[in-house]
Each structure stands twice: as C-alpha cells, then as structure tokens.
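Thanks, everyone, for making time this morning. I would like to walk you through a ligand site and the space around it.

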Amino acid sequence: MNSRRNFLKNSLLLTALASFPASILRSSNIKTSSIKSFKNTGKVRRPIVVSTWNHGLVANEKAWEIVVKGGKALDAVEQGVRISESDPKVMSVGYGGLPDREGHVTLDACIMNEKGNCGSVAFLEHIKNPISVARLVMENTPHVMLVGKGALDFSLMNGFKKENLLTNKASEIWHKWKESNQVPLTPEKDNHDTIGMLALDKFGNICGACTTSGLAWKLHGRVGDSPIIGAGMFVDNEVGGAVATGKGEAVIKISGTHLVVELMRQGKSPEEACKLAVERIIKKQHDHKEFQVGFLALNKKGESGAYSISKGFEYAQYAENKNELIKS
Ligand code: SD4
C-alpha cells in the first residue's frame with residue numbers, strides 16, 4: 001500500500017517536473033489573442049519581430065528597440081534572444097537551463113543573416129550567451145558550426161567568460177529527478193521552451209536566431225534541432241524565415257524550417273507552410289502523439305503564422321508598436 005502511494009506520489013512529482021518550464025512560463029498574466037492573419041493589402045509590414053513562447057515577449061522588447069530605431073535585424077535577433085539566455089527563470093534556455101542526465105547544462109544555438117550566412121554552436125558548456133558565440137563563428141571563421149570543447153575554447157579565446165550555468169533551482173530539480181529515477185528518456189510534451197526569433201527590419205532584411213538548453217535529462221552529448229541550420233531555424237531573405245520548437249529529433253527528420261521556407265517560396269502563407277510541415281511529421285512519424293513540435297514563420301511582407309502538433313504553442317509578436325502573445 002505504502003509503495004503504491006509512494007509510486008503515485010512520485011508519478012505526480014515527475015509529471016509536475018516534466019512540465020515545469022512550460023507551466024511556470026504559462027502562468028503569466030499576459031493576455032493571449034487567437035491567431036490573426038495579417039490582411040494582405042499589398043502593404044509590407046515592417047519592422048516586425050516574432051519569437052516563440054511567452055518569454056519571447058520580453059526578448060521582443062529588446063529586439064524591437066533596435067529595429068524601430070533603424071537598427072539591423074541581425075543585431076535585433078542576437079540581442080533579443082540574449083535576454084532569455086541570461087534569465088535564470090527561463091529554464092530551457094542558457095543560464096538556468098535544466099541540465100542533461102549527468103547534471104551538465106549544454107547549450108545549442110544558431111544565427112543566420114540576410115545574406116544566407118550562418119553560424120552555430122552545439123553541446124557548448126559554461127557560456128551564458130551561446131548566440132553571440134554563434135555570431136562570431138559566422139563572422140570570424142570560415143566555418144558554420146563548432147561543437148563541445150572546440151566551441152568552448154573558441155569562446156574563451158574570444159573573451160567570453162567561463163561560468164557555472166547550473167543554478168541552485170535547476171540543480172534541485174535535477175536531483176529530484178535523479179532520486180525518483182523514473183522519467184522515461186523520451187521527452188514529455190511540455191519539456192521544451194526554446195526561443196527562436198525572426199526579425200524583419202526597416203531595410204526589408206530578415207534574420208533569425210534560435211537558442212536552447214535542449215531537452216532536460218537528455219543523454220550527455222545529445223544535440224537537438226536548434227543549432228542545425230534548416231532544422232531549428234532557416235532564413236532566405238528572398239522569401240522569409242522559420243524557427244522550430246519542441247522535440248528536436250522530429251524536426252531534424254524533416255529538415256523542418258527549411259521545409260517551411262520552401263513552402264512559403266511556393267506561395268504558401270506562413271501559417272499554411274507551418275501547418276504543412278506539422279502534417280509531414282504527423283504523416284511520417286507514428287509516435288507523434290507522444291511529443292510536441294511547433295513552427296513559427298515570417299515572410300518578407302511581414303506576415304507571420306504558426307502551427308503545432310498539439311494545442312499550447314504560442315508566440316510573441318511585436319509589430320505596429322504592439323507586443324502581443326498569439327496562440328497557434
Ligand atoms: C531541442 N528543440 O533541443 C529543442 C527543444 C525545444 O523548446 O524546442 N525546446 O530538441
């Protein structure tokens with residue numbers, strides 16, 4: 001009887017822990033509005049900034065400040081997502097992110113500019129703002145992607161500080177998980193909250209950034225979709241851009257954001273393109289009921305749209321002086 005009660009108690013605790021990052025973030029008071037399509041009047045709406053989840057609202061503020069003054073989309077997306085990376089309350093990105101199974105916080109990030117240049121870091125430890133390292137990879141090296149110790153050495157060589165990214169709170173949650181030792185390896189539906197951001201500046205250029213601590217309790221060394229160009233984020237300045245959130249493995253399998261951008265190139269609206277990419281996952285991946293994936297896209301006209309496998313995905317949009325949360 002006692003062991004059954006303990007089992008139930010543990011199961012409840014595990015369910016609560018698995019959904020922790022998403023649930024605390026969703027408890028904010030900010031009102032959401034149902035999805036709105038930008039009316040195609042032939043006018044271009046810019047600047048505009050969009051980003052995933054409700055912590056995107058704060059990140060958007062920073063990005064908007066830059067683009068509204070005539071700054072560049074690239075600076076906006078980098079500075080915008082740094083807000084979530086540096087905030088220990090956002091337990092799915094950067095500092096304060098939940099660790100892997102062995103207690104290491106390992107980070108993935110990528111950035112892409114209007115010229116189709118990109119930079120990325122994966123499995124990076126000890127650096128609070130991996131997005132800025134990704135930008136340096138893009139701008140100061142002939143490469144696109146650095147991983148693990150090489151990425152850390154590159155960061156330190158370029159003046160980034162080595163820091164402990166595991167906060168007491170994240171460590172406590174990790175210890176509880178370890179003690180209970182019952183969470184399956186496959187990610188729970190709510191175990192994600194990556195920030196992906198797209199900005200269209202006054203010059204008409206689109207850039208994108210994506211950064212995450214990945215899935216909590218992942219195997220040490222696991223890399224998700226977020227640092228992979230064309231999976232977690234993709235931009236083509238002739239068409240638009242897209243970012244992904246949710247189970248990275250599912251996104252990688254369909255080259256998710258590249259697919260969304262190519263669908264927009266064929267004339268689909270951002271929302272339709274995201275929907276078709278989600279339907280591709282549903283068609284090809286039989287276990288799709290077990291996980292969440294959401295796509296968010298922005299086109300050159302300043303139209304945005306999103307779609308996800310299950311309810312609950314929302315994105316923050318800053319346009320026409322209004323920062324709001326939109327349900328997908
Ligand atoms: C990953 N896609 O590492 C990331 C997790 C995520 O919102 O999106 N969180 O698989």
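How many nonpolar, polar and charged residues does the shell around the ligand have, by class? The shell has 2 nonpolar, 8 polar and 3 charged residues, where Ala, Val, Leu, Ile, Met, Phe, Trp, Tyr, Cys and Pro count as nonpolar, Asp, Glu, Lys and Arg as charged, and the others, Gly among them, as polar.

Before I go on, please keep in mind that this is a predicted model, in which local features need pLDDT of at least 70 and side-chain atom pairs count only at pLDDT 80 or more, while totals for chains, interfaces and linings use all residues. Residues are numbered from 1 along each chain as its sequence is written, and side-chain values use heavy atoms, with hydrogens and water left out.

Of the 13 residues around the ligand, those that come nearest are Asp-193, Thr-194, Arg-222, Asp-225 and Gly-246, a residue being near if one of its heavy atoms lies within 4 Å.

Turning to polar contacts, meaning pairs of N or O atoms within 3.5 Å, a polar backbone atom of Thr-194 is 2.3 Å from an oxygen atom of the ligand. In the side chain of Arg-222, an N or O atom is 2.7 Å from a ligand oxygen atom, and for Thr-245 a polar side-chain atom lies 2.7 Å from an oxygen atom of the ligand. The protein covers 100% of the 280 Å² of accessible area that the ligand has on its own, by the Shrake-Rupley method with a 1.4 Å probe.

Terms used
A polar contact is a pair of N or O atoms within 3.5 Å; within protein, one must be able to donate a hydrogen and the other to accept it, and residues adjacent in sequence count only if both atoms are side-chain atoms.
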